[in-house]
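Here's a friendly walk through a protein model for someone meeting it for the first time. Have a look at the picture, then read on.

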Amino acid sequence: MKPQAIAAIVLSAGYSSRMGAFKPLLRIGNQTVLERIIGLFREAGIGDVRVVLGHRADDVVPLVEELGIRWILNEHFQDGMLSSVKSGVGSIEPDRDAFFLLPVDIPLVRGHTVLKLKEAYRECGKSIVYPTFLGKRGHPPLIGARYAEEIVQWNGSGGLRSFLREKESDAVNVAVPDEHIGLDMDTPGDYETILGKWADYEIPSVAECMEVLKERDSVTDELIGHSRKVAQLALTIGQALNDRGFGLNTDLICAAGLLHDMARDRPRHATTGGRILRDMGFPKVAEIVEQHMSVEVRPDRPINERDLVALSDKLVLGDVVVSLEERFQTRLERYSNDPDIRTAITARLNHARQLRTRVEEALGTSIESVLANRSSNDRHGDAVACFTSRFLD
């Protein structure tokens, strides 16, 4: 299927009455909500993006025309969402193979989600593809153009959802590591939540990290146990350092700890894992994953998130926190007859020792003391407990 055979319809005709402000023109970062969604589809290779307008159409037309986007006026927008769906779907030409449908109030869908739905549509043999997160469907569905005319003619109760329910045998669910597929904004409080999510958009949540790992058939329970312990240890140290004013991003530490070995079965697993994460839109995490094998000590810069993930990885054997010496002993014994490899392993051990010393100087105590005292420190204990509960035990 040619990429241009898929269109994207953005539904942007409603009153925004519960928001108290006009949703398409609200700001997310340095762009409007509508610009963000248009950019999402374009970056995913969807050249045919069209926007359904209604309420305050005159305020939006200049923006979409400046962006070179086709717009469709729904003169009956006051009749509700289905009228906008029909207006948009009614514009689909016979040469289109399928179309996405996305309301403007669901603005944080990830580009990787769109790409995965496109791939699934090509391969699955079904005409309707839904993204799911933790088993729950969200937006945007990708719908075969074969149903366009039926949708336009649909007059049943329950809107588009009831129509699609009748086509369930021709539908497939695709799990995606994207918690935003169901995150809409109807109220000012929802908008504040969206802005908060946008601030750390390039860092996957714990639940999203789990979905990333689930996508990889080679990820074992043992690897997940190791990654979990690395993330917990790095997070605990990070919280302790933040108590001393370091300002580390604990969400970034947690995500990188969970995903650092995601490509463990592949050659050059750190580089490979980083590349996969960059392709998914997680460059900050990718940078740490790419470098977690290195424990270079840099006295000229503050301790950062990468340092904690790299050190924690060297302090965890399986899913148990151990000494650096114990962690490296097995490898030293394995290569006892290869002096060159032993020299390289010993160099890494010495670098890890130096990094540990630097971290402990910053902590003002040993890492063992931090771990021993964390249960009596409410902030540390709460952080680790929250992390554990979010890890989907």
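Leaving aside its neighbours within four places in sequence, which residues is Val 285 in contact with? They are Glu 202, Ile 203, Pro 204, Leu 252, Ala 255, Ala 256, Leu 259 and Leu 277. Keep in mind that what you're looking at is a predicted model.

The largest nonpolar core has 51 residues, and Val 285 sits with Leu 259 and Leu 308 as the ones that touch the most other members. Helix α9, which covers residues 221-242, gives the most to this core, with 8 residues. Apart from it there's another core, this one of 47 residues, including Ala 57, Val 64, Phe 100 and Val 174. As a bit of background, nonpolar side chains tend to be buried together in soluble globular proteins.

Now step back to the whole thing. The protein has 17 helices and 12 strands, and its C-alpha atoms fill a box of roughly 75 × 45 × 35 Å along the principal axes. Of its 393 residues, 52% count as buried. If you take the contacts with a separation of 6 or more, residues 24 or more positions apart account for 70% of them.

| Residue | Strand | Relative accessible area |
|---|---|---|
| Ser 12 | β1 (residues 6-12) | 1% |
| Phe 99 | β6 (residues 98-103) | 0% |

Why does Ser 12 count as buried? Because its relative accessible area is 1%, and the cut-off for buried is under 20%. Not counting residues up to four places away in sequence, Ser 12 touches Pro 24, Leu 34, Val 51, Val 52, Leu 53, Gly 54 and Val 104.

Phe 99 is buried too, at 0% relative accessibility. Once you set aside neighbours within four places in sequence, Phe 99 is in contact with Ala 7, Ile 9, Val 89, Ile 92, Pro 141, Leu 142, Ile 143, Gly 144, Ala 145, Ala 148 and Ile 151. And how does Phe 99 relate to Glu 65? The two are 34 residues apart in sequence and 21 Å apart in space, going from C-alpha to C-alpha.

How values were computed. Residues numbered from 1 in each chain as written. Predicted model: local features only at pLDDT ≥ 70, side-chain atom pairs only at ≥ 80, totals over all residues. Heavy atoms only, no water. Helix = DSSP H or I, 4+ residues; strand = E, 2+ residues; numbered from the N terminus. Buried < 20%, exposed > 50% of the residue type's maximum accessible area, 1.4 Å probe, protein only. Contact = heavy atoms within 4.5 Å. Core = buried A, V, L, I, M, F, W, Y, C linked by side-chain atoms within 4.5 Å.
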